[in-house]
Amino acid sequence: MGINTIASNPVRLAVASVVGLGTVAGIAVAADAATGTIKTSGASLSVRKGPGTSYAKVGTVAKGTKVNIICQTTGSSVKGTYGTSNIWDKIGTGRFVSDAYVYTGSDGRVAPSCGGSTPAPSTPSGVIGNNYPYSGQTSGVDPWNFYKGQCTSFAAWRARSVKHVGFTNSYKGQHWGNANHWDDAARAAGVTTSSVPHVGDIAQSDAGSFGHVAYVAKVNSNGTFVVEEYNWTHPEHYGTRTVSRGSAHGQFDTFIRF
């Protein structure tokens with residue numbers, strides 16, 4: 001688990017079981033592989049092909065299992081037993097688990113950083129569901145500088161968590177602002193736009209006072225497509241619907257491809 005923890009969650013204060021710890025100014029630092037114990041509220045923890053929830057699931061590890069942590073890297077943030085963390089533990093070739101569910105004796109890194117590159121995640125095909133971290137919140141600004149509960153905040157979350165881009169309201173030097181400006185901002189930033197939807201695109205419309213953006217979850221054979229969105233059918237809430245291309249209210253005519 002990473003440095004930022006939630007106070008109500010357990011913390012890991014014991015000395016980590018680390019092979020080959022070195023010291024810097026009297027502080028232990030990870031030099032070699034470490035060990036940890038899976039701590040979940042359920043029976044098992046999902047193992048992913050890479051460091052993130054968008055990577056394919058390749059197995060599970062039972063609660064209470066001791067695992068060897070070959071190295072650690074960063075990926076998508078996960079809220080688990082030990083708070084929220086973006087650290088992922090590599091426990092085998094193409095096998096990663098979220099450190100938020102692993103007892104290591106430390107709230108920081110306990111193993112060396114993973115070298116090289118991990119395989120690119122495949123974009124999930126189909127509706128992902130309401131995993132938006134600010135669901136139910138209708139005020140305040142998210143970490144990416146969009147208002148919580150709005151379509152722009154949800155679309156930013158999808159771009160970050162599924163496409164793994166560092167998207168914010170000032171991405172690539174542009175002010176993205178309201179949804180009706182996202183197509184212009186994308187072009188100015190050199191981000192690909194298309195008139196044809198692909199799974200993983202951000203669908204965009206200029207219609208209405210502020211426009212609208214949504215995530216393309218599925219493309220149907222008849223040309224329609226399924227979107228996941230916030231603040232459309234239900235104000236400041238999650239929803240899905242099947243739509244078609246067009247410039248009318250409720251349709252989309254631009255598709256931003258991060």
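1. Cysteine 71 is buried, at a relative accessible area of 7%, where buried means under 20% relative accessible area, exposed over 50% and partly exposed in between, with a 1.4 Å probe and protein chains only. This is a predicted model, in which local features need pLDDT of at least 70 and side-chain atom pairs count only at pLDDT 80 or more, while totals for chains, interfaces and linings use all residues. Residues are numbered from 1 along each chain as its sequence is written, and side-chain values use heavy atoms, with hydrogens and water left out.

2. Cysteine 71 forms a disulfide with cysteine 114, the sulfur atoms lying 2.0 Å apart; a disulfide here is a pair of cysteine sulfur atoms within 2.5 Å. The torsion about the S-S bond of cysteine 71 and cysteine 114 is about 100°, so the disulfide is right-handed. The pair links distant parts of the chain, 43 residues apart, with cysteine 71 in strand 7 (residues 71–80) and cysteine 114 in the loop between strand 10 (102–103) and helix 1; helices (H or I, at least four residues) and strands (E, at least two) are DSSP runs, numbered from the N terminus. Cysteine 114 also counts as buried, at 18% relative accessibility, and a search of the whole structure finds 1 disulfide.

3. Helix 1 is mostly covered, with 11 of its 12 residues buried, among them Cys151, Phe154, Trp157 and Arg158. Cysteine 151 has a relative accessibility of 8%. The cover over the buried residues of helix 1 includes helix 2 (182–189) and strand 13 (212–219).

4. Just after helix 1, histidine 164 takes a positive phi of about 55°.

Methods:
Contact = heavy atoms within 4.5 Å.
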